[in-house]
Amino acid sequence: IRSDDLSLPEPTPEHFRWSLLHHLQYTVGKSPEHASKFDWRMALSHAIRDRAVNPWFASTRRTWAEDRKRVYYLSMEFLIGRLLEDLAINLGLRDVVVEVLDGFGLSFADIAEDEPDAALGNGGLGRLAACYLESMATVGCPAYGYGLRYEHGLFEQRFEHGRQIETPENWLAEGTPWDFTRPESAYQVGFGGEVAEEDGHQLWRPRSRVLAAAHDTPVVGYGGRWANTLRLWAAMPNADLFDLARFNSGEFAAASEPEALARSLSRVLYPNDTTEGGKELRLSQEYFLTSASVQDILRRYLAAHDDLTRLPEYVAIQMNDTHPAIAGPELIRLLVDEHGFGFDAAVDVATRVLGYTNHTLLPEALERWTVDLMRKVLPRHLQIIERLDTQFVELQGSRPDPVRLIGGDQVNMGDLAFATSHRVNGVSALHSELVRKDLFPVHDELHPDRIVNITNGITPRRWLRLANPHLSRLITDTIGEGWETDLERLRGLEQHADDPAFQAAFGRTKHLAKEGFAGWLADEHGIELPTNALFDAQVKRLHEYKRQLLNILWTIAHWQRIKRDPGAGWVPRVKIFGGKAAPSYHTAKDIIRLINDVGQVVNNDPETRDLLRVVYPPNYGVSMAEKLIPAADLSEQISTAGMEASGTGNMKFALNGALTIGTLDGANIEIREQVGPENFFLFGLTADEVAARRAEPDHARAAIERSQPLQDVLQAIAEGTFSPDETHRYGGLLDLMWNSDWFLVASDFDAYDAAQGEVERAYRDPQHWQRMAILNVARMGYFSSDRSIREYMSEIWDIAPAL
Ligand code: 26Q
């Protein structure tokens, strides 16, 4: 039987209805009378998944038949969210699905909402990997995503008395319909032990081995013309780890301990979005992902080729930050120790295969592992890194203070990743420039062509078509179909920006999205919102550099002003916050609590509650973003200049017609260039000015003393206005404000206040506002992740699209 003989008939409503009932009965084991929402969701997911298989097979077969180069995207994080509606849209099945479900009295939206998010990531870096997977499938780039199949994704957040409480996330509790388990694709990953020398060769004898088992999810591009694979590794104990003798003698827990330790490699995602220094488990997770993936890549290559010197013609490996940067040493190790390569030849092949994307300049976020830990976990790799370090120092000639891959007692993973890659990229124009000047100046001098910029992008399928059906329909009605895969076509909206009828229609889509979000907030959290208000949103991980503190301090100032003059014609505002703090990041948690405390007071103030609300729905993630972003009027992108590598939330908001209030940071700069400076609320110090201001002694105190509104705000906090039961609750934050303020909240406060005044004025003129919002949507085509991926393909991977 050929696979073609099994291809499915056209997805007519009749056939799809049959398929749904078939899966309900034979996959889920339920009859329609007894099926729960969960049962229907599983049956529906399987019926849709069936339709992914043929494009998936066809793409795989073509890649083999044409012996194409493939890209392997290695990432510790894939922040996927839900998949049901994404697949339905990309396979062109959404309308059929709605119709068939309707026939059973079921709502697609309701069933889709039942799916838990796959939250296998922290934030921007993980979501970028998910957007890139979807774009690679859409543009026809043969690709695999490699990651870990965490049992527990990013923790769930709730608030108790305004404070963040974390609970374990459990997305696999009820099983996932999307993955195909591949027990036959399993690899041994070694840890610890020693390196022995045997007739001139180094031989690593690991102390223990853990099995990596593959779970595959098809990733279908828009239109269903191409599909790739997301391969997630699950850690499985080797059978010999279970000590049957101990078990039989009654030591049940002890008998299972080694098994539990092995499984811990894919147990839980680390919840920090900067580094967790010195943690053996984290390093082991990184190696587990990398080793299993590199073994799989070589196995696939050797199934069709025998000459490993030609690997770079067929394989590109992209490292998503330094988390998989052990890929360089691992590839060199396999080539030297198992395939007879000389060291230099192995380094040459590895370097031509590898690329490294940098996502951060924050010094505390650059990964470093102590030499002792490296030696303990990966002794052979340490030898290889030592040799690379020696060569790298030699390359620097007589430079007095050479850059080291191993400095003092630490292995610098950024320098290692740079030295073993043929391309290193930053994620926005400004960021790439700072990567060149501040992070890797010496590397850049040695390899002037290595650093390139690839500005981030977002997939318009999920972030416009799926998330914002009302606006999507208006766009299609106005400029026709095709913008989903050719986002520059949104330019066609420019000519309608001054048309009052179009402005009104555009305004209605925004209002519908606001009602959608408000309805969800009421159902899910019992919070009622006025939908005539300006929705002002800052949603992202909590970080001092992202300056949620600046936002909430301004909110207090605004509240104080309204109270002083309630009749001054204020624009009603809803300040929306969302985001999680790393569990051990105490300052970030204080800021969360302050936001919630301010909300308590402001929302219950009868003088102001029609004009100002502060809401902070807990557990922000991909699915909440899909509801909130289309509803926003104003997007807060207010990081200290020079600190946000790119941002991608900024792009999602602007694409959905929110105006940005923002600093000259990351991709904000390019967004402002694209949409036009007159359609963007700019404020704040530039990256250069930030550096200069930090050098001024007592800049914080000086800035506070210049600003009466800021003094009033800080005084209200100090007096316990928002913590009446505990006056000194925010002593720590206030001390930071007065005495250090590394992130220049005080220095930028007045400029931010002025920009918010501009926002207020602009919003009072609905036609003017609508026009600016339309022009934002029309000019965001550049930020499609399809554009980013095409740049990776030509600038880094040297892969031609298969479509
Ligand atoms: C590393 C080691 C140990 C534990 C955790 C980590 C870790 C995990 C996640 C370090 C960093 C991250 C995530 C970083 C991140 O999300 N960076 C963001 O990447 C986006 C995509 O490029 C950018 O848009 C954002 O500007 C950047 O902050």
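1. Helix 6 is largely enclosed by the rest of the structure, because 16 of its 16 residues are buried.

2. The length of helix 6 can be checked against its residue count. The helix takes in residues 124-139, and at 1.5 Å a residue its 16 residues should span 22 Å. Just after the helix comes Gly140, with a positive phi of about 80°.

3. This is a predicted model, and the confidence values should be read with that in mind. For the protein chain the mean pLDDT is 97, with 100% of residues at 70 or more. For the complex the predictor gives an ipTM of 0.99 and a pTM of 0.98.

4. Which element gives the most to the shell around the ligand? Helix 6 does, with three residues. There are 25 residues around the ligand, and those that come nearest are Gly124, Leu125, His359, Ala645 and Ser646. By class, the shell holds 14 polar residues, six nonpolar and five charged.

5. Lys652 carries an annotation in UniProt. The entry, which is unreviewed, gives "modified residue: N6-(pyridoxal phosphate)lysine" at this position. In the model, Lys652 belongs to helix 24, which runs over residues 649-655.

6. Is Lys652 buried or exposed? Lys652 has 30 other C-beta atoms within 10 Å, so it counts as buried. Once neighbours within four places in sequence are set aside, its contacts are Ile458, Trp463 and Ile629.

7. Leu148 lies in strand 4, which covers residues 143-148. Leu148 is buried because 25 other C-beta atoms lie within 10 Å, against a threshold of 20. Not counting residues up to four places away in sequence, Leu148 touches Met76, Leu232, Trp233, Ser266, Gln285 and Leu289.

8. Leu148 and Asn603 are 455 residues apart along the chain, and their C-alpha atoms are separated by 42 Å.

Note on methods. Residues are numbered from 1 along each chain as its sequence is written. This is a predicted model: local features need pLDDT of at least 70, side-chain atom pairs count only at pLDDT 80 or more; totals for chains, interfaces and linings use all residues. UniProt positions are given in the numbering used here, feature names are shortened, and annotations may be inferred rather than shown by experiment. Helices (H or I, at least four residues) and strands (E, at least two) are DSSP runs, numbered from the N terminus. A residue is buried if 20 or more other C-beta atoms lie within 10 Å of its own, exposed if 12 or fewer, and partly exposed in between; C-beta atoms are placed from the backbone. Two residues are in contact if their C-beta atoms, placed from the backbone, lie within 7 Å. The expected span of a helix is 1.5 Å times one less than its number of residues. pLDDT is the predictor's confidence in each residue, from 0 to 100. A residue is near a molecule or strand if its C-beta atom, placed from the backbone, lies within 6 Å of it. Ala, Val, Leu, Ile, Met, Phe, Trp, Tyr, Cys and Pro count as nonpolar, Asp, Glu, Lys and Arg as charged, and the others, Gly among them, as polar.
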